[in-house]
Amino acid sequence: MSSPSWYPNELALAGRENLDMEHVARYDGKMDSSARDELSVLKGYGLNAQSTIIEFGAGTGQLTVEAARACARVVAVDVSPPMLAYLETKLSDQDLTNVTLVNAGFLSYTQPESQADFVYSRYALHHLPDFWKAIALDRMRKLLSPGGICRLWDVVYDFNPADATGQIETWCSQGGANVDGEWSRDEFEEHIRDEHSTFRWLLEPMIERAGFDIVEVQYTAETFDAKYVLRAT
Ligand SMILES: C[S@@+](CC[C@H](N)C(=O)[O-])C[C@H]1O[C@@H](n2cnc3c(N)ncnc32)[C@H](O)[C@@H]1O
């Protein structure tokens, strides 16, 4: 069934840089997604050679590749055609044949026959405004049976609105001058201005309302990194 016409165009929300071939090509050189450590976390929650994992916002597929080596099946979902094309080449270069690439988003992914043991998403949910994050979380929850695990990692703010200027200035000042090999100040500013990272005190009730228990949260105030382990209730 296609989405209602009042659904947003996820490609239009995907972030300018994620549709830019040059950014895609330099992404792995500037971003270490800690995929091995992430796989260890998932293994701690039971991921094994029989598992199916669905990743939303797979990007260049650092996690997808590690997961493909450890699981039966990986579904890598992304709205960005250049990201998926890059990942397709990577998978074929490494002879990984158990990954299904899906050009769709949190809101448009439909594969009703497929239930997953794990859902994974890193640095992608912030592309949706809050109303749509809640819908996306609900959709992710429905892909899991009770007890299934969702690993969610994103840029999430944890301060009072009155402190926003100081907090955001400090964060942006960590950006460099170049886009090669590092994140630039311009990219940090673009994240704040044009994307939809939200507050912890808004996101966590949405997570729970979607039908997840928050089993673990690791929060780093300097980088606004929030890493959640969520269990479907
Ligand atoms: C910053 S990259 C993160 C890539 C990878 N997960 C990582 O951690 O390195 C964000 C990815 O999310 C994708 N994305 C943006 N909006 C999305 C949506 N609504 N649904 C699925 N993927 C989306 C982008 O195309 C991009 O590949």
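Me: A residue is buried if 20 or more other C-beta atoms, placed from the backbone, lie within 10 Å of its own, exposed if 12 or fewer, and partly exposed in between. Which class does Tyr123 get, with its 18 C-beta neighbours inside 10 Å?

Reply: Tyr123 counts as partly exposed, because it has 18 C-beta neighbours inside 10 Å. Bear in mind that this is a predicted model, where local features need pLDDT of at least 70, side-chain atom pairs count only at pLDDT 80 or more, and totals for chains, interfaces and linings use all residues. Residues are numbered from 1 along each chain as its sequence is written.

Me: Thanks! And where does Tyr123 lie?

Reply: Tyr123 is in the loop that runs between strand 4 (116-122) and helix 5 (130-142). Helices (H or I, at least four residues) and strands (E, at least two) are DSSP runs, numbered from the N terminus.

Me: What is the phi of Tyr123 like?

Reply: Positive, near 55 degrees, in a residue that is not glycine. For context, most residues other than glycine have a negative phi. Ser34 also has a positive phi, about 55 degrees, and is no glycine either.

Me: What about Asp163, buried or exposed?

Reply: Exposed, since Asp163 has 10 other C-beta atoms within 10 Å. Asp163 lies in the loop between strand 5 (144-155) and helix 6. From Asp163 to Tyr123 there are 40 residues in sequence and 23 Å in space, C-alpha to C-alpha.

Me: Switching to helix packing: at what angle do helix 5 and helix 8 pack?

Reply: Helix 5 and helix 8 (residues 200-209) pack at about 30 degrees, and their axes are 9 Å apart. Axes are lines fitted to C-alpha atoms, for helices over the stretch in contact, with angles from 0 to 180 degrees between N-to-C directions. Helix 5 and helix 8 are therefore roughly parallel; under 35 degrees counts as roughly parallel, over 145 as roughly antiparallel, 65 to 115 as roughly perpendicular and the rest as oblique.

Me: Which residues make the contact?

Reply: Helix 5 brings Asp130, Lys133, Ala134 and Leu137, while helix 8 brings Leu202, Met206, Ile207 and Arg209. Contact means C-beta atoms, placed from the backbone, within 7 Å. By class, the contact of helix 5 with helix 8 has five nonpolar, no polar and three charged residues. Ala, Val, Leu, Ile, Met, Phe, Trp, Tyr, Cys and Pro are nonpolar, Asp, Glu, Lys and Arg charged, and the others, Gly among them, polar.

Me: And how do helix 2 and helix 3 cross?

Reply: At roughly 50 degrees, with the axes of helix 2 and helix 3 (residues 62-70) coming within 9 Å. That angle makes helix 2 oblique to helix 3. Ala35, Arg36, Glu38 and Leu39 of helix 2 meet Gln62, Leu63, Glu66, Ala67 and Ala70 of helix 3. That contact of helix 2 with helix 3 divides into five nonpolar, one polar and three charged residues.

Me: Nice. What about helix 6 and helix 7?

Reply: Helix 6 (residues 164-172) packs on helix 7 (residues 185-194) at an angle of about 145 degrees, their axes 9 Å apart. Ile168, Trp171 and Cys172 of helix 6 make the contact with Arg185, Phe188, Glu189 and Ile192 of helix 7.

Me: Last one: which residues come nearest to the ligand?

Reply: Gly57, Gly59, Ser80, Gly105 and His127, of the 24 residues around the ligand, where near means a C-beta atom, placed from the backbone, within 6 Å. The shell around the ligand has twelve nonpolar, nine polar and three charged residues.

Methods: Contact = placed C-beta atoms within 7 Å.
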